[in-house]
Amino acid sequence: MKKILLFVCVCMGVMLVSCELNGPSLKKVVTGDATNITDYSAQLHGTLNVDPEGYGHLYYGIIIAKSQEEIKNHEGKYYESITLEGRDFLVNVYGLSPNTKYYYCTWVAINQIDNKSFGKMKAFTTLDGTGVPEGEEHPNTNYVAKPFSVGSKRQVYFSPGNLQYQPNATIWRFAIQQVDYLGAANRNTALTYDGWIDLFGWSTEEGFSYFGVSTDTAANYYSGNFKDWGCKRIGKDEANTWRTLSLDEWSYLTSKRNNCRELIGCAMVMDVKGLILLPDDWQCPEGVTFKPGFYPSEDKAGYGAHQNIDENEWQALEHAGAIFLPAAGYRAGLDIGNVQIDAFYWSSTANEKNKSYYMFFSAGGAEMRTRERYHAHSVRLVRDVNK
């Protein structure tokens, strides 16, 4: 009898050992590797060991922290993924510190987000920060910055072009020319993209999106207070040289400053549709005619029908301080819309929890509107005249 009991115990021990050895197949989520690691970002991967079709709802993502203890205690910053290919998912993590070791693990919750299971802990180290580029000399030497009033006692200079970003090199710059926009190229928005993008979701302190550089459309990716793009080094300009206009400033600029109706107009400039803004002390160059105002309708052909400005005329206008905002459209996820039809330029002002204000224009007019923050819009920065 004792031998039988011993035999049973040994068999049970083998079964337990076998279960332990095969443990990973029984876990609900597996922590994958960190890839595309830069000075400030990384892609963190995970795999579900449960059938995504077999439950009412699955929540999944990663936790990241700077200490092992936090991850062991399931503490740190939680990210929820909304991308799932088969059973694989990933999270793009931005805003990391250079030359820093981070610990992370995956999590999954079935039906109720509070009921989480966790994967094994892994770690990675960001790059050392020496790859931060010097920036670029701006080639648009024809542009001369002139003061624009954005309040009764406040003036700004506009940047020489729309904001652009190269994800894989983490470089910020301004467009080479004022008429430049990137349109469909913004579909390539990703950590590994080696080209330039110029449409950004609203930038926030607490969201999971790095200054709006994300194709995610979940509201929590854009939560929290505004974090200005101007706090970054842009080209050769030091951090905090530039900033984003507020709702009140955009409103004052386009509809309240002295003689404002004569200082704004839609136009086709060098075959690009957009909006011209003129500085406070505007004097039109000889040989050039500027027609203020808008076309009677929002028809995209209205830009050129209102006024068509060639390269020589535009060079004279921008040398006299004129600003051009291209009608660059918008992006929502991977969908690009209204390119060379309408324009959407972010302000720094929030509206409700998940919306913010932006300056909209078409051939028919300009006004302030509000929209969900995940929409990727154009960004045109300014610096204060007294700086």
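Q: Which residues of α4 are buried?
A: In α4, the buried residues are Leu-247, Glu-249, Trp-250, Ser-251, Tyr-252, Leu-253 and Thr-254. The word buried stands for under 20% relative accessible area, exposed for over 50%, and partly exposed for what lies in between (1.4 Å probe, protein chains only). Helix α4 covers residues 247–255 and is mostly covered, with 7 of its 9 residues buried. Helices (H or I, at least four residues) and strands (E, at least two) are DSSP runs, numbered from the N terminus.

Q: What kind of model is this, and what limits apply to its features?
A: The model is predicted: local features need pLDDT of at least 70, side-chain atom pairs count only at pLDDT 80 or more, and totals for chains, interfaces and linings use all residues. Residues are numbered from 1 along each chain as its sequence is written, and side-chain values use heavy atoms, with hydrogens and water left out.

Q: What is the mean pLDDT of the chain?
A: The mean is 88, and 90% of the residues reach 70 or more. pLDDT is the predictor's confidence in each residue, from 0 to 100.

Q: Where does pLDDT stay under 50?
A: One such stretch is residues 1–25, for which the model has 4 contacts beyond four places in sequence. Another is residues 132–138, with 20 contacts beyond four places in sequence. A contact means heavy atoms within 4.5 Å.

Q: Why is Asn-186 called buried?
A: Its relative accessible area is 0%, so Asn-186 counts as buried. Asn-186 is found in the loop between β13 and α4. Its side chain reaches the backbone oxygen of Gly-183 at 2.9 Å. A polar contact is a pair of N or O atoms within 3.5 Å; within protein, one must be able to donate a hydrogen and the other to accept it, and residues adjacent in sequence count only if both atoms are side-chain atoms. Leaving out residues up to four places away in sequence, Asn-186 touches Ile-197, Asp-198, Leu-199, Arg-331 and Ile-336.

Q: Why is Asn-386 called exposed?
A: Its relative accessibility is 72%, so Asn-386 falls in the exposed class. Asn-386 is found in the segment after β23 (382–384).

Q: How do you know that the structure holds 0 disulfides?
A: A disulfide is a pair of cysteine sulfur atoms within 2.5 Å, and the structure holds 0 of them. Of the cysteines, Cys-231 is partly exposed at 27% relative accessibility, whereas Cys-266 is buried at 0%.

Q: What makes the phi of Asn-36 and of Asn-240 worth a remark?
A: Phi is near 50° for Asn-36, a positive value in a residue other than glycine. Phi of Asn-240 is near 70°, again positive in a residue other than glycine. Most residues other than glycine have a negative phi. Asn-36 sits in the loop between β1 and β2, and Asn-240 in the loop between β13 (171–174) and α4. Asn-36 has a relative accessible area of 34% and is therefore partly exposed; Asn-240, with 47%, is partly exposed.

Q: How do you know that β1 pairs with β2?
A: Two strands pair if DSSP finds at least two bridges between them. β1 and β2 (residues 42–48) are joined by 5 bridges and run antiparallel. The bridge partner of Ala-34 is Leu-44 in β2.

Q: What is the strand order of the open sheet?
A: The order is β1-β2-β6-β5, 4 strands with antiparallel pairing. β1 (29–35) and β5 (84–85) are the edge strands, each pairing on one side only. β2 and β6 (residues 88–93) share 6 bridges, and His-45 stands opposite Leu-90 in β6. Between β5 and β6 there are 2 bridges, and Glu-85 stands opposite Asp-88 in β6. The hairpin of β5 and β6 has 2 residues between the strands, and in it Gly-86 takes a positive phi near 70°.

Q: What makes a set of residues a nonpolar core?
A: Such a core is a set of buried Ala, Val, Leu, Ile, Met, Phe, Trp, Tyr and Cys residues joined through side-chain atoms within 4.5 Å. The largest one has 25 residues, and those with the most contacts inside it are Leu-163, Trp-172, Phe-200, Val-213, Trp-229 and Leu-381. β12 (163–166), β13, β18 (330–332), β20 (343–351) and β21 (355–362) each supply at least two residues of this core. Apart from it lies another core, of 24 residues, including Val-150, Val-156, Tyr-345 and Met-359.
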